[in-house]
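Student: I would like to learn how to read a protein structure. Could we go through one together?
Tutor: Gladly. Here it is.

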Amino acid sequence: MSHISTHILDTSLGKPAAGVVIRLEKHTPTGWTLMEEAATNADGRIGTMAEGELAPGRYRLTAEIGEWFARTGRETLYPSAQIDITLPASGDHYHLPFLIAPWGWSTYRGS
């Protein structure tokens with residue numbers, strides 16, 4: 001079983017993105033099912049997405065970054081950023097950050 005945490009860093013400002021809504025969804029035979037929706041804290045973090053452990057399978061995190069850029073008075077090409085992952089049966093903790101800027105974003109597996 002696995003756990004997911006995340007955070008958002010605005011690399012164009014060099015600071016965390018607070019108050020950004022992130023959704024965790026699980027892929028099922030009938031489509032995507034919402035598991036959790038939360039907003040990043042003052043440090044741009046969400047310590048745990050979904051209570052308890054996550055079963056193996058396909059998941060996605062969607063961050064509504066367009067709202068962050070609008071609140072900070074900037075335009076963006078990307079209204080949202082999405083990380084699509086497959087959690088293995090072996091289980092682990094997966095820290096999946098978003099690095100955002102108005103004209104691009106990326107991710108990596110952190111610790």
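Student: How far apart do the end C-alpha atoms of residues 4-110 lie, and what share of the span is helix and strand?
Tutor: First, the ground rules. This is a predicted model, where local features need pLDDT of at least 70, side-chain atom pairs count only at pLDDT 80 or more, and totals for chains, interfaces and linings use all residues. Residues are numbered from 1 along each chain as its sequence is written, and side-chain values use heavy atoms, with hydrogens and water left out. Helices (H or I, at least four residues) and strands (E, at least two) are DSSP runs, numbered from the N terminus. Here the end C-alpha atoms lie 11 Å apart, and the span is 7% helix and 50% strand. UniProt lists residues 4-110 as "domain: Transthyretin/hydroxyisourate hydrolase" in an unreviewed entry. UniProt annotations may be inferred rather than shown by experiment.

Student: Is T40 buried or exposed?
Tutor: Buried means under 20% relative accessible area, exposed over 50%, partly exposed in between (1.4 Å probe, protein chains only). T40 has 5%, so it is buried. It is found in the loop between β4 (31-39) and β5 (45-46).

Student: Which residues does T40 touch?
Tutor: Contact means heavy atoms within 4.5 Å. Not counting residues up to four places away in sequence, T40 touches I8, A17, A18, G19, V20, I22, R45 and I46. T40 and I8 are 32 residues apart in sequence, yet 7.7 Å apart in space, C-alpha to C-alpha.

Student: Which residues does the "binding site" annotation cover?
Tutor: The unreviewed UniProt entry gives H7, R45 and Y108. R45 is in strand β5. Y108 is in the segment after β10 (104-107). R45 has 36% relative accessibility, so it counts as partly exposed. Y108, at 39%, also counts as partly exposed. Leaving aside neighbours within four places in sequence, the contacts of R45 include H7 and H95. Those of Y108 also include H7 and H95.

Student: How is a pair of aromatic rings described?
Tutor: By the distance of the centres and the angle of the planes. Rings of Phe, Tyr and Trp (its six-membered ring) pair if their centres lie within 6.5 Å; planes under 30 degrees apart count as stacked, over 60 as edge-to-face and the rest as tilted. A search of the whole structure finds one aromatic pair. The rings of F98 and W105 have centres 5.9 Å apart and planes at 45°, so the pair is tilted.

Student: Is F98 buried or exposed?
Tutor: F98 is buried, at 0% relative accessible area. W105 is partly exposed, at 27%.
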